[in-house]
Amino acid sequence: MPPANKRRSAVRSLLRLWPYVLPVRTRVFGAAAVAVVASCLGLVIPLVLKWIVDGPVADRDPAGVWLGGGMLLALGVAEALLFGLRRWLVARPLAGVEAAMRADLYRHLQRLPVSFHDRWASGQLLSRGTTDLMLLRMFLAFPMTFLLVNGVTIIAGFGILLSQRWSLGLVLLAPVLPLVAGCFLFEKKYFKVARRAQDQVGDLTTVVEESVLGIRIIKGFGRHRSQARAFRELTRTLRGTELNKARLLSAIMALITTLPELAIGIALVLGSVQVADGDLSAGTLVAFLSTALALRWPVESIGFLLAISNDAASAADRFFEVMDEKPAAAGDAAPRQRTKSLPAQQAGMSFDGVVFRYPDAPPDTPATIEGVDLHIRHGETMALVGATGSGKTTLTALVPRLYEPTSGRITLDGRDITAMPREELRELVAVAFEEPTLFSASAGENVLMGAASAEEHDLLRALDVAQASFVHDLPDGHATQVGEQGLSLSGGQRQRLALARAIVGRPRFLVLDDPLSALDVHTEALVEAALRRVLAETTALVVAHRPSTVLLADRVALLSGGRIAAVGTHDELLHGNAEYRELMSGAEAQEQEAISR
Ligand SMILES: Nc1ncnc2c1ncn2[C@@H]1O[C@H](COP(=O)(O)OP(=O)(O)OP(=O)(O)O)[C@@H](O)[C@H]1O
């Protein structure tokens with residue numbers, strides 16, 4: 001789950017966007033300047049009105065009235081054109097800012113360690129990469145500019161009001177203090193609710209994503225009602241939070257609208273009395289009130305602009321919470337060593353005193369891997385056997401550095417994996433997991449993901465070795481799209497494609513996490529034959545639950561209590577190790593049961 005959010009000032013949060021705005025600053029500030037000019041042009045209109053009323057209207061001069069009308073029209077058109085220019089100036093660069101932030105987030109997510117992804121719900125990450133970034137673009141396009149533009153307009157407008165009649169100007173200034181206090185309180189409360197709402201959107205996204213990905217389980221177990229209930233519960237909570245936001249916004253809007261309207265009403269009465277007494281010209285009163293009315297939108301919009309700015313500030317916090325996470329260490333750029341002339345005892349894969357504890361495991365629990373020493377000789381296949389939850393998957397995940405050992409070291413042909421650049425490690429080691437994950441791409445593209453430099457002939461060889469030639473019979477051969485997560489293929493077909501992907505780059509080392517799990521007996525025979533050929537080409541560590549998988553290996557290591565309890569051939573362990581015998585007899589019984597079904 002995301003870390004607990006600390007309260008920051010909205011301004012500090014938004015200032016962190018500066019590096020992204022920097023490349024388009026000229027356009028953004030140019031647009032803001034254009035908007036200031038447009039908004040201030042609007043304030044000239046009341047002055048022209050004053051001139052028309054006190055001049056041509058009082059003198060009964062129709063030509064003067066026409067001239068004034070023309071000036072008003074020109075001012076209106078100029079104001080509209082300038083606002084249009086502002087929009088044009090920012091639209092494209094800000095879409096670019098959003099795209100750059102999204103690309104950075106995606107790149108960073110790819111570089112973050114698996115332990116980060118274990119902690120964070122995918123919906124939280126999805127919502128940060130979509131709705132939160134949209135909110136930030138909206139902020140940069142609108143409130144950021146208009147908080148400035150409206151601020152300048154209000155100051156200029158009050159300058160004009162005070163210069164026309166300072167006493168009436170002070171009446172209009174009276175609500176400023178209560179308004180500032182109200183805005184301060186609003187900002188404090190709204191920031192918290194805005195953050196809560198965005199986190200709840202993330203939770204909701206997680207539920208939707210899980211429901212879509214797990215639709216077969218939901219339907220298979222008839223869980224749609226309970227899923228719908230969980231979804232409804234979350235939407236109700238989110239609705240409550242959104243209503244809370246709306247309540248806060250309407251309270252500040254009520255204050256922002258009422259107080260200035262009251263002040264304008266009082267100024268109108270006082271001004272009318274002064275006109276009646278002959279202390280003030282009718283034109284000045286018209287200009288005064290028109291200026292006051294022209295300031296209504298800049299003042300009233302402040303509540304709304306503050307709301308979006310706070311939404312954006314918490315969206316920025318959520319974005320940077322992910323960006324501030326440290327990516328996995330790259331490994332030092334040690335020069336590549338030739339491995340061919342290594343002494344026999346160093347060639348292969350070695351675990352030396354490897355200890356591993358999950359970062360989020362409770363401190364008083366024992367480490368998952370307590371101290372593993374194991375050597376897999378060059379060209380050998382070692383099966384890793386152990387009770388469920390004994391740490392087999394965990395141990396295999398340490399080899400491609402999906403997690404870093406807490407202590408100890410793992411070497412490949414004598415070289416510490418932490419001293420290798422990650423790209424080199426990826427070239428040396430290939431992995432295939434229990435769940436053969438495929439992507440929405442063609443069958444061939446899925447296989448070629450296993451090696452950046454692999455070509456067509458490598459693909460065909462990998463498909464052949466992994467017994468995945470069914471691909472050639474698909475409608476478009478290996479260019480056939482396999483659908484989201486490869487769900488248009490059978491389990492056995494997906495397993496064989498995953499195997500082909502693992503070997504397409506001819507890795508020296510192969511790590512397979514129970515590649516025959518969840519297969520029916522007939523499919524298992526097919527994949528097993530594929531595995532036999534795959535394993536003949538490399539040095540491999542294979543997590544095995546069933547005797548049939550164990551028989552593919554040259555030797556077997558038994559993982560127990562976080563340590564390697566025994567190493568030997570299947571027969572040696574069967575005769576000499578009670579725990580192994582028990583594990584295998586249980587697995588064998590299950591296998592027999594599966595066959596007889
Ligand atoms: N991401 C994680 N965070 C914390 N603990 C974890 C995590 N993944 C696994 N564990 C714990 O580590 C222990 C070993 O899990 P692991 O998946 O390695 O076992 P396994 O031997 O592969 O089990 P199985 O045979 O059932 O697949 C378990 O107690 C599990 O709860």
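These legends describe close-up views of a predicted model. Local features need pLDDT of at least 70, and side-chain atom pairs count only at pLDDT 80 or more, while totals for chains, interfaces and linings use all residues. Residues are numbered from 1 along each chain as its sequence is written.

**View A. Six strands form an open, mixed sheet.** The strand order is β6-β7-β8-β3-β9-β10. Strands (E, at least two residues) and helices (H or I, at least four) are DSSP runs, numbered from the N terminus. Two strands pair if DSSP finds at least two bridges between them. β6 (429–432) and β10 (563–568) stand at the edges with a single partner strand each, so one side of each has no neighbour in the sheet. Neighbouring strands are turned by 20 degrees against each other on average, direction ignored.

View B. Leu 510 has Ala 540 of β8 as its bridge partner. Contact requires C-beta atoms, placed from the backbone, within 7 Å. Axes are lines fitted to C-alpha atoms, for helices over the stretch in contact; angles run from 0 to 180 degrees between N-to-C directions.

**View C. β9 pairs with β3 and with β10.** β3 (residues 381–386) and β9 (residues 555–560) are parallel over five bridges. Here Ala 383 stands opposite Val 556. β9 and β10 are antiparallel, also over five bridges. Ala 557 faces Val 567 in β10. Two residues separate β9 and β10 in this hairpin. Gly 561, in the turn, has a positive phi of about 60 degrees.

**View D. Helices α12 and α14 pack against each other.** The angle between α12 (residues 224–276) and α14 (residues 296–323) is about 165 degrees, and their axes are 9 Å apart. That makes the pair roughly antiparallel (over 145 degrees; under 35 is roughly parallel, 65 to 115 roughly perpendicular, the rest oblique). Contact residues include Leu 249, Ile 252 and Met 253 of α12, and Val 299, Ile 302 and Ala 307 of α14.

Conventions. Contact = placed C-beta atoms within 7 Å.
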